[in-house]
Amino acid sequence: MNMTAERTRPAGLAAIDREMARQHADAIASYEAAQPMAAKAATSLKKTGRLLLIGMGGSHAVNRAVEPLYRACGIDALALPLSEQLGQPLPIAGRTIFVTSQSGESAEVLRWFNETGGTEETFGLTLEGNSFLARTAPSLIGAGGTELAFAATRSLTVTFALHLAILAALGEDPDAAIAALKAPEDHDIAAALTALENVATIVTSGRRLQGIAEALALGLTELSRRPCFSLEGGQLRHGPMEMLGPEIGVVLFRGFDETAGLVTAMTTSAVEAGAPVILFDASGEASVAGAVTIRFARATGLAAIFAMLSVAQRLMIAFADARVENAGTPVRSTKITRSE
């Protein structure tokens, strides 16, 4: 077929492509470079036994994704949007606090430190070594500098790698997660894209992998400008199933953990409701009839997240590119949100 005019890749998506191309290498470098500070953060966690993870946007999605991993280490971990912590704060005494901001310059980050003065058990996670956050708190610094593209891709992967360094310092085995970064699984997303061709919007969901579902929904919303959103699997059951049908795409995440069966049940229910369903699957369990399954090697925790994330990002970008002329160029927001 002779294409008379090849469509030019939108500049915003080309910028995301550049970030994604280096995200695995930057994540490995981040993990290695962060180890001395990760050891200090782990020492704090062992002392307090309690963790408050605060951030905004993609940083909050990362916090939600790692929240269960710290809990599995016996730490009383809670992820809150930084805006909520400013408006209705949890007590910060006696807790280790991780403030996450890829730019280190978000309005809420500046105000939180100005209002609280920080604490001795506060650590920053950021991509920018010269940022307000990095200057103000002992910080784990991601490799490769600030992310320039609008929707978070590389910044998510790099921040997960900083958490991997902390979890390793707590005694977790990092080998499976490092292997997933060193040899990323590549998967064809054509069938998934076709399934989502006629949907008006997408809802994402998971159980233990709910954080990655939230990260994907945020990116889908930012890039496609559709109100894509995420509901933890139990919450999706309690009423919102009413929205499901041919115009609502469902993207689910299933890992090799004790919640896999619940994700399987939701996949079946969503298919029965007539919704096009995509299942990102690292559970090792059987496929669900009627769902498009993107199957990964059996994995849990950060190994599953690292395996799935870049493939989910490619699906998010292609979905947006099919719907928006200049996908990746924000029209109502900026990369660094300096206003509340």
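In the predicted model, E67 and R71 form a salt bridge (a side-chain nitrogen of Lys or Arg within 4 Å of a carboxyl oxygen of Asp or Glu), with the closest N and O atoms 2.9 Å apart. The two residues are 4 residues apart in helix α4 (residues 58–72), and therefore separated by about one helical turn. E67 is buried at a relative accessible area of 4%, whereas R71 is partly exposed at 45%; buried means under 20% relative accessible area, exposed over 50%, and partly exposed in between (1.4 Å probe, protein chains only). Residues are numbered from 1 along each chain as its sequence is written. Local features need pLDDT of at least 70, side-chain atom pairs count only at pLDDT 80 or more, totals for chains, interfaces and linings use all residues, and side-chain values use heavy atoms, without hydrogens and water.

A second salt bridge joins E147 and K335 (2.8 Å, N to O). E147 lies in the loop between β5 (139–141) and α8, and K335 in the segment after α14 (301–321), so the pair ties together parts that are 188 residues apart in sequence. Helices (H or I, at least four residues) and strands (E, at least two) are DSSP runs, numbered from the N terminus. E147 is buried, at 1% relative accessibility, and K335 is partly exposed, at 26%.

A network of salt bridges links E19, R22, D26 and R154. Over the whole structure, the search finds 17 salt bridges.
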